[in-house]
Amino acid sequence: MKYRIEENQQGQEIVMEGSFTFRDHDTFFEIISLIKASKDKTLTFNLAACDFIDSAALGMFVIASDEASVKDMTLVIKSATGRIKDVMFAARFDNLYTFED
């Protein structure tokens, strides 16, 4: 997985590309560090260019949610489609994240 950080009106947006799997553990913890250091109240994960996530990636998103809740930060999943969106809703991520099309 590759990612880049963009600024938007609500805060920061993490644009993720490619497959997000267990191998991306170290990379994702760079994002966790961003959450810990951020003063923004909203962080968006843009998954428009993300084509696959595995169960480890879901676990990492749960960790991000835990870190954000400590800071009273809202996390948004943007542009999740197809199987990625289906898996996230089956795992009840709509209870942890706000979803945007």
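Reader: Is Phe-45 buried or exposed, and what is its relative accessible area?

Author: Happy to start there, with a note that this is a predicted model, where local features need pLDDT of at least 70, side-chain atom pairs count only at pLDDT 80 or more, and totals for chains, interfaces and linings use all residues. Residues are numbered from 1 along each chain as its sequence is written, and side-chain values use heavy atoms, leaving out hydrogens and water. Buried means under 20% relative accessible area, exposed over 50% and partly exposed in between, with a 1.4 Å probe and protein chains only. Phe-45 is buried, with a relative accessible area of 0%.

Reader: How many aromatic pairs does a search of the whole structure find?

Author: Rings of Phe, Tyr and Trp (its six-membered ring) pair if their centres lie within 6.5 Å; planes under 30 degrees apart count as stacked, over 60 as edge-to-face and the rest as tilted. With that rule, the search of the whole structure gives 9 aromatic pairs.

Reader: What kind of pair do Phe-45 and Tyr-97 form?

Author: Their ring centres are 6.3 Å apart. The planes stand at 70°, so the pair is edge-to-face.

Reader: Which parts does the pair of Phe-45 and Tyr-97 tie together, and how many residues apart in sequence are they?

Author: Helices (H or I, at least four residues) and strands (E, at least two) are DSSP runs, numbered from the N terminus. Phe-45 lies in strand β3 (residues 42-53), while Tyr-97 is in the loop between α3 (82-90) and β5 (98-100), so the parts tied together are 52 residues apart in sequence.

Reader: Is Tyr-97 buried or exposed?

Author: The relative accessibility of Tyr-97 is 4%. Tyr-97 therefore counts as buried.
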